[in-house]
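Okay, thanks for making time this morning. Let me put the model up, and then we can walk through it together.

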Amino acid sequence: MYEVTQLFWYKSVFMAEILAAEFLFTFSLKKKNRYPLRFFLAALGCMGISVITPIIGYNALCSSLLFFFLFAVSVIALKCSYREPWLRIFFCAVAAYTVQHIAFELFNFLIVSTGLNHGLPIEVYGESAAKLAGTIVNLVYLDSYLIVYWIMSITFGALIHKNKDFYIRSVSMFLVVVLIVVIDIVLNAVVTYYSYTHAGPFYVGMASIYNIICCVLTLEFQFNLLSRRQLEKELDMINGLYEQEKKQYTTFKENLNYINIKCHDLRYQIRRLGGSSSLDEESIREMEQVISIYDSVVKTGNETLDIILTEKSLLCNKNKIKLTCIADGEKLSFMKETDIYSLFGNALDNAVEALADVDDEEKRVIGIIIKCVGMFVSVQLYNYCLKPPHFVNGLPVTTKKDKRYHGFGIKSIQMIIRKYDGDLSITAEDGVFSINLLFPLN
């Protein structure tokens, strides 16, 4: 027979709390077949195990082992419900346990600070805590958990929903988080039992605040691992695109030089043949015009800029887009060739894509202006904008459905601008999308 104490009842309450918290952090993960039935049966099994799990002692160590055992059972239940790696499930479960502990400590603090404990030990581990049951106390309990769970689900939980396929690269750092949570909960158990006979409400209240702060900081540290990994992933993709652009630039430059030489030779041959045959002048000019499309159409004073503008001119010509350029390319001599190619390549590709759905040929125009303004180099790229994009932190968000592999063009541009201590502003006003760059000459 079990001794019916408050701890006996709280085992099941704790299991319900931890399952609810875990659901908030895992509901967006990949689910196994018949997920609702699986989760229901797993939760039912967890509740049953919480009831039959024996209480081996009433001290800090025994209570900590009890709750860690119940937590481990809940993690196994999650694995039975979700089609995810163990580490990803454990990451969500640790976050859920931390949130449950924050709610628990908030409830304790409110009970102590408002005097609802009537001088009794407020921690649920004590037998006398059963006397605290009442309508007001129950409302405080429900409000504490609902508020904490809601706040944490829209902050930290949203990060998991946003990064469903997150990967924990630094396992050692995650283990540090787990260790902090374990230490915090074990030390809290020590404080709980010590407070029964040696501490007053002020001591218990301050201990609860301290625990809440520790848990929030631990959550922040834990989810920084996700943010850091996401940034690393984006940086890897941007660097990969940058390397591809470098190879593309080198290849196109070599091909363009070769084509230009051949075009000059061919133009000479046409002139020579035209002079010794019956070809009229108009036919000769028409053939020369066809050939000249492969020649550099813009001379800005910067060879790399000329190359990228030539490449994109061919693209614009194919899509019936007019590319206009007023540029003093020499002012960009402080930039590396590959950076110029990547910067203008990404910007022009985005502009061409934006004009794809514009039917009015007069509006299918891309403009580039590069000039010196005082001690700065000003670069402006603009095009007609059929529908203004949505901006987040001053940058347009990609309209592609799969945002994991799109939207890196603007980020690449931003990275290059920072490299040269430049300034970036993007606007979409009066039907004109404009990228404005400003670089210091020094």
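Ser-378 sits in strand 3. Leaving out residues up to four places away in sequence, Ser-378 touches Ile-369, Ile-370, Lys-371, Val-373, Leu-437 and Leu-438, where a contact means heavy atoms within 4.5 Å.

Quick housekeeping. This is a predicted model, where local features need pLDDT of at least 70, side-chain atom pairs count only at pLDDT 80 or more, and totals for chains, interfaces and linings use all residues. Residues are numbered from 1 along each chain as its sequence is written, and side-chain values use heavy atoms, with hydrogens and water left out.

Now the overview. The protein chain has 11 helices and 7 strands; those are DSSP runs numbered from the N terminus, helices being H or I with at least four residues and strands E with at least two. Of its 442 residues, 43% count as buried. If you take contacts between residues at least 6 apart in sequence, 75% of them join residues at least 24 apart. The chain exposes about 24000 Å², and carbon and sulfur atoms supply 62% of that, with the areas coming from the Shrake-Rupley method and a 1.4 Å probe; for residues, only the protein chains shown count as cover.

On to the cores. By nonpolar core I mean a set of buried Ala, Val, Leu, Ile, Met, Phe, Trp, Tyr and Cys residues joined through side-chain atoms within 4.5 Å. The largest one has 47 residues, and Phe-25, Leu-219 and Phe-223 touch the most other members. The elements that give two or more residues to this core are helix 1 (6-26), helix 2 (35-52), helix 3 (60-81), helix 4 (86-114), helix 5 (135-162), helix 6 (171-198) and helix 7 (201-275). Helix 4 gives the largest share, 12 residues. Take Leu-219: apart from residues up to four places away in sequence, Leu-219 touches Ala-95, Thr-98, Val-99, Ile-102, Met-152 and Phe-156. There's also a second, separate core of 35 residues, which includes Phe-344, Val-352, Leu-381 and Ile-426.

Back to the strands. How do strand 1 and strand 2 pair? Strand 1 (residues 322-327) and strand 2 (residues 365-373) run in the parallel sense over 6 bridges, and a pair of strands needs at least two DSSP bridges to count. Within that pairing, Ile-326 stands opposite Ile-369.

Strands 2 and 3 make a hairpin with 2 residues between them, and Gly-374 in the turn has a positive phi of about 65°.

While we're on phi, there are a couple of non-glycines too. Arg-34 has a positive phi of about 55°; Arg-34 lies in the loop between helix 1 and helix 2 and is exposed at 69% relative accessibility. Asp-430 has a positive phi near 55° as well, in the loop between strand 6 (423-429) and strand 7 (432-440), and Asp-430 is exposed at 81%.

Last topic, aromatics. The whole structure has 20 aromatic pairs, meaning Phe, Tyr or Trp rings (the six-membered one for Trp) with centres within 6.5 Å; planes under 30 degrees apart are stacked, over 60 edge-to-face, and the rest tilted. Tyr-35 and Phe-39 have ring centres 5.7 Å apart and planes at 40°, so that pair is tilted. Both lie in helix 2, 4 residues apart, and both are buried. Tyr-141 and Tyr-145 are tilted too, with centres 4.7 Å apart and planes at 45°. Tyr-141 is partly exposed at 23%, whereas Tyr-145 is buried at 7%.

Key. Buried < 20%, exposed > 50% of the residue type's maximum accessible area, 1.4 Å probe, protein only.
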